[in-house]
Amino acid sequence: MEREPEVTNQRNVEKAKRVLKWAIGERAPPFLVNFYFTMRCNLKCQFCDYSGVEGELDHSKELTKEELLKFAEDGCKFGIEDWFLAGGEPFVHRDTLLEMM
């Protein structure tokens with residue numbers, strides 16, 4: 001879905017302002033988060049780095065549902081609009097993912 005040119009321009013201006021703040025040493029929140037939501041996966045994709053090692057991964061260090069929701073809430077408060085979910089298969093935790101949206 002394409003964004004309206006005016007909205008896209010406003011977002012680009014906001015991103016440029018944040019980059020300029022970083023350039024002069026001021027603090028500014030990121031505008032993009034590449035977030036490894038989970039390492040769990042119920043798929044067996046041949047191209048995936050995690051295929052075949054599911055049993056070897058330590059899931060005890062993953063964030064809890066409450067921690068994931070707090071992370072998303074805090075990110076939105078900071079103005080993060082672009083979220084890229086990566087890792088295993090985020091829909092393994094469908095209820096948490098949908099609640100985050």
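The entries start with the ground rules and then go from the whole chain to single residues.

**Entry 1: ground rules**

I am working with a predicted model, in which local features need pLDDT of at least 70 and side-chain atom pairs count only at pLDDT 80 or more, while totals for chains, interfaces and linings use all residues. Residues are numbered from 1 along each chain as its sequence is written, and side-chain values use heavy atoms, with hydrogens and water left out.

**Entry 2: the whole chain**

I looked up the secondary structure and found 3 helices and 2 strands. Helices here are DSSP runs of H or I with at least four residues, strands are runs of E with at least two, and both are numbered from the N terminus. Read from the N terminus, the order is α-β-α-β-α.

Next I looked up burial. Of the 101 residues, 21% are buried; buried means under 20% relative accessible area, exposed means over 50%, and partly exposed is in between, with a 1.4 Å probe and protein chains only. The exposed surface comes to about 7,900 Å², and carbon and sulfur atoms supply 56% of it. Those areas come from the Shrake-Rupley method with a 1.4 Å probe, and for residues only the protein chains shown count as cover.

I also looked up how far contacts reach along the sequence. Taking contacts (heavy atoms within 4.5 Å) between residues at least 6 apart, 67% join residues at least 24 apart.

**Entry 3: arginine 18**

Is arginine 18 buried or exposed? I find arginine 18 in helix 1, which covers residues 5–23, and arginine 18 counts as buried because its relative accessibility is 9%. Beyond its neighbours within four places in sequence, arginine 18 touches Ala28, Pro29, Pro30, Phe31, Phe78 and Gly79. For one of these, proline 30, I noted a C-alpha to C-alpha distance of 7.6 Å from arginine 18 across 12 residues of sequence. At glycine 79, the arginine 18 side chain reaches the backbone oxygen at 3.1 Å.

I stayed in helix 1 for arginine 11. Arginine 11 has a relative accessible area of 14%, so it is buried.

Which side chain does the side chain of arginine 11 make a polar contact with? The partner is the side chain of aspartate 82, at 2.8 Å. A polar contact is a pair of N or O atoms within 3.5 Å; within protein, one must be able to donate a hydrogen and the other to accept it, and residues adjacent in sequence count only if both atoms are side-chain atoms.

I then turned to aspartate 82, which sits in strand 2. Aspartate 82 is also buried, because its relative accessible area is 17%. Its side chain makes a further polar contact with the side chain of lysine 15, at 3.4 Å.

**Entry 4: the second largest pocket**

I looked up the second largest pocket and got a volume of about 150 Å³. Its lining consists of Ala72, Cys76, Trp83, Leu85, Leu97, Met100 and Met101. Helix 2 (65–77), strand 2 (82–87) and helix 3 (94–100) each give two or more residues to that lining. By class, I count 7 nonpolar, no polar and no charged residues.

For the record, the search uses a 1 Å grid over the protein atoms alone; a pocket is an open set of points where a 1.4 Å probe fits, with protein on both sides within 12 Å along at least five of seven lines, and lining residues have an atom within 4 Å of a point. Grid points are joined across faces, edges and corners, and the volume is the space filled by probe spheres set on them. Ala, Val, Leu, Ile, Met, Phe, Trp, Tyr, Cys and Pro count as nonpolar, Asp, Glu, Lys and Arg as charged, and the others, Gly among them, as polar.

**Entry 5: valine 92**

Where is valine 92 found? Valine 92 is in the loop between strand 2 and helix 3, and its relative accessible area of 34% is why I list it as partly exposed. Leaving aside neighbours within four places, valine 92 is in contact with Arg40, Cys41 and Asn42. Valine 92 and asparagine 42 lie 50 residues apart in sequence, with 7.1 Å between their C-alpha atoms.
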